[in-house]
Amino acid sequence: MRFSLLIFVLHIVYLPALHAQTPFIFQNYTTKQGLASDYVFDVFQDSKGFMWFATDKGLSRYDGREFLTFNKEHGLPKSMIFKIREAPNGTLWIIIYKVGVYRFDGGKFYPVLPNEKNQTDGFHFLNEAEDKKGILRLTTKNIYTKNTDEYTVVKNYQILPTPEKVSYTEIKTDLQEVYLSDKEKGLYSNMTVNKNYELQNFLNGKTQLFIQKGKEKILKDSIFMFNNVSACYILEEKPFRYLLGTHKGLYYKTPDTLIHLTEKQGLSNSHIQQIFEDKERNIWISTFGGGVQKIRAQYIQHFLSGLENQTIHCILPTGRQAMWVAHNAGLQKIVQNRVSPLILAENNLRTIVPKDKNSFWAGSFDNFFVLGRQGQVRQKIHYTVGTSDVADWAGKVYVGTFGTATMTWVKDTLQPVFQAHYAQTGTMTERFAHTSRGLWWFTHEYGAHRIDANQQLTHFTPKEGLLGADVQAIFEQKNGALWFGTEKGITKGNRETGKQENMGNALSPLTLYPFGEESGLVGKQAVLIFEQQASLFALTDAHLHVLASDEKRWQKLGGFLTLPDKDMKINKAIYVDSLQHIYLATNKGVVILDTRTLALPAPNLQALVLLETLALPTKRKIMPNKPFLFSSQERSIVFHFASLSFIDEGQNVLYYELETPTDKRKGKTIDMRLVFQDLSFGSYVLKVYFKNAQDQASKTQTFVFEIATPIWAQVWFWVFSAAVLVGLTVWIVRYFLKQSYQRRIRQMEVEHKIQLERQRISRDLHDNVGAQLSYILRTLDNMSSETENIRLQNLQLFTQETMRNLRESIWAIQKESITSTELFLRFKKYAGTFAEEANLPTVSFKQNLPTAHLLSPTHALHLFRILQEAFQNAIKHSQATEIQVIFEETTQGEFHITLQDNGIGFDVAVGKQKEGHYGLKNLQERAEEMGAKLWIESVVGNGTICMVRLYF
């Protein structure tokens, strides 16, 4: 079985006057955190890992994230709960004040036994399986046996005799025997011993407590006076410690001391009701008025009195309760938590090392000492290079300095060595270390160096594969592996390595394995590496770590920082295997960490996961590896998980991977909830695991679920719908094609009739009106009287104009549509002919028609008549010498026709109001009839502009 080292660190404000601080870290749970009440009678952890609390206002359950309370609203007859236990089949049993015993199956409460006169607040199951015929003890006098679903009293069966008639009581367990005796008044009240057994109806008084394993008494003749003892709990077997809860505080017993804890030392309330240890060795203390406190023994001593302002450079343990301390002001000794007066006054005393049984080596910035057994100076050598450390190896004494690297002690003098290697080693030696391969020393920013028994020097630096050049620690495992602690992490070497100066035998190659932040190490510097009970541990300036079983990762131990003060810095760390203690020399005193092993079970991820959906208000449970079906409306889902690791539940991290129909999603959360919104239809696989504050990972659990595909999204529905849609589309298309064909036939018939009518009108105009006008012209041509020539000439001109208008009308009527270009060419021909016959002013034409837009015959004729009228007005009235006609298309899609002359102009407003002049009015009406805009601008003496704007 693998044991892990557990360190617990001071977390509360320390009291400078104390030599040994409160041995626990406290974490409070009250109504502010969701607990039903601050008056808590009992604490229990069920087989799944949930924590339960019996209070005067109901039953509370804690899952590491939130509290869930059961009271009268959930079926309890009364809310005052005294005791909680779990039957072998997993149901919870509770004692309700003045009601009796109820059981809880997770959904409902069921009565089991009614209240009795002799019933107390304790019970336990004596059989192996509650669903078989067995025995349940509920009182000091009565024992119940199960018969089907009922319990009946077994007569004349008593676990405990009447307290008034005995002087002691014995309970035997597989591990140890517990004896409690009282010669005057009997036994203590409601004392819980060794996790699973209880003694009931004990009286108060003077009691002697023995703890015995086999024939060996672990605690002997310990007689104490306590009032109102409520609970006793054994923390660990060796070294023996126990907690004793009373109505006046908590007592903590070690082999050396008895510590009394009250509100002053961190308890939320001194009236202790129950003490309970969960599966992870967290201790839960329920109080009457202060809620529940979770505590962890931190096994730490921090020596402050007399050392608060001293920077400790070196610690030399001489026993469990004794040590020498070298610091800025000199040398002091600590014996049984008492710090002696200054023994040696010396500025910056850096090291103290045993020389023999009766003397020590010591060194400072200025001097090198040989000290006697009591610290008196026997010899003093002054030099200016300073002493950092001393090592006695292979018959020589090596002295580390800050100016000449390493020196040796020869005949009461110090002589430099390795001067030729300063380029590789530097001149500042930090400290020495011994391994089976030789003497090591660390130099500032130059790595580690080793001299073996053959006086061969080997260098270990980043060039050879170390993570960092500032080596803080080195450790050699029993299997020969070397571990280097640096400012950038840890490097492991499996075989001999390094650059050897005096090459004798060839070195076998080194396989280096770096362990940086990616390996799980937390902290900037690795200051200590050591092995204990087949486990390898590394201490950084932030945490203690243990090497995982795969030897590829480091796992944090404990959820708190290793130092009591965040401003503390470690100058030197020493592990003493015989004492199982870590000694830390810091800039703010001495810190001792007790490393006696405690088993740490792996955290448990709750197998039964509570699930709720956002689409529906119901909550349901989903089991691992069992497919679960959601409706098509439940596309937004919230998973609730119970982490159930209480070392420091605020640091629990949930990791997940969701396989969707199209991709994978990965992530993590500390909320223990996973929210997935707007999921698509289909199957999903959710894999989850979590890590607790010690970086221990739970087993991965897999949840398979499916969001049902609605009918409208299924393949057969789409095939059927497509078939229906195709058929409907074909029918609609055929129907509209038929309607369109019929409309086209009718339209063609109408158009044919219109065309015939046009032809008839054209023939009639040509044959009748045209013939008559032609006859008039021929007759006028044959007339010779000079008197009538002028009038006849005018009549001839009028008749010719009428003929031209008739031709234009026939041209327009015969066309189905006329393009803008055709209109331009037609009017150009008309104006040119008219101007040539009448010897009129110069007429110019300009067009910009990139698109030949289609005009209806009516619109074309209207435009032609407007131009015709404006053209004739310019000839007849304006006395113009130049006329310009412009056809153009703008970028805004407008069709502009402009006729401009340089004539005498006129007043437009006056021209519109003259009686008998309808030309301008007719032009405006024609424009409005075809949806165009007519714009006429004229200035007397400066010509006239007539513009028509038509939108296509």
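Let me begin with a charge and a ring: Lys691 lies over the face of Tyr655, 5.8 Å from the ring centre. A charge is counted as over a ring if NZ of Lys or CZ of Arg is within 6 Å of the ring centre and within 35 degrees of the ring normal. Arg635 is likewise placed over the face of Phe681, at 4.9 Å from the ring centre.

A word on the basis of these values. This is a predicted model, in which local features need pLDDT of at least 70 and side-chain atom pairs count only at pLDDT 80 or more, while totals for chains, interfaces and linings use all residues. Residues are numbered from 1 along each chain as its sequence is written, and side-chain values use heavy atoms, with hydrogens and water left out.

I turn to the aromatic rings. The structure holds 52 aromatic pairs; rings of Phe, Tyr and Trp (its six-membered ring) pair if their centres lie within 6.5 Å, with planes under 30 degrees apart called stacked, over 60 edge-to-face and the rest tilted. Phe418 and Trp441 are stacked, because their ring centres are 5.2 Å apart and their planes stand at 10°. Phe418 lies in the loop between strand E40 (413–416) and helix H1 (422–425), and Trp441 in strand E42 (residues 438–443), so the pair ties together parts that are 23 residues apart in sequence. Helices (H or I, at least four residues) and strands (E, at least two) are DSSP runs, numbered from the N terminus. Both Phe418 and Trp441 are buried, where buried means under 20% relative accessible area, exposed over 50% and partly exposed in between (1.4 Å probe, protein chains only).

Phe681 is partly exposed at 22% relative accessible area, and Trp712 is partly exposed at 49%. Ring pairs also link a cluster that includes Phe676, Tyr684 and Phe703.

Next, a sheet. Four strands form an open sheet in the order E33-E34-E35-E36, with antiparallel pairing; two strands pair if DSSP finds at least two bridges between them. Strands E33 (349–356) and E36 (377–382) stand at the edges with a single partner strand each, so one side of each is left without a neighbour in the sheet. Between strand E34 (residues 359–364) and strand E35 (residues 367–372) there are five bridges, and Trp361 has Val370 in E35 as its bridge partner.

Finally, the cysteines. How many disulfides are there? The count is zero, taking a disulfide as a pair of cysteine sulfur atoms within 2.5 Å. Cys314 is buried at 2% relative accessibility, and Cys946 is buried at 9%.
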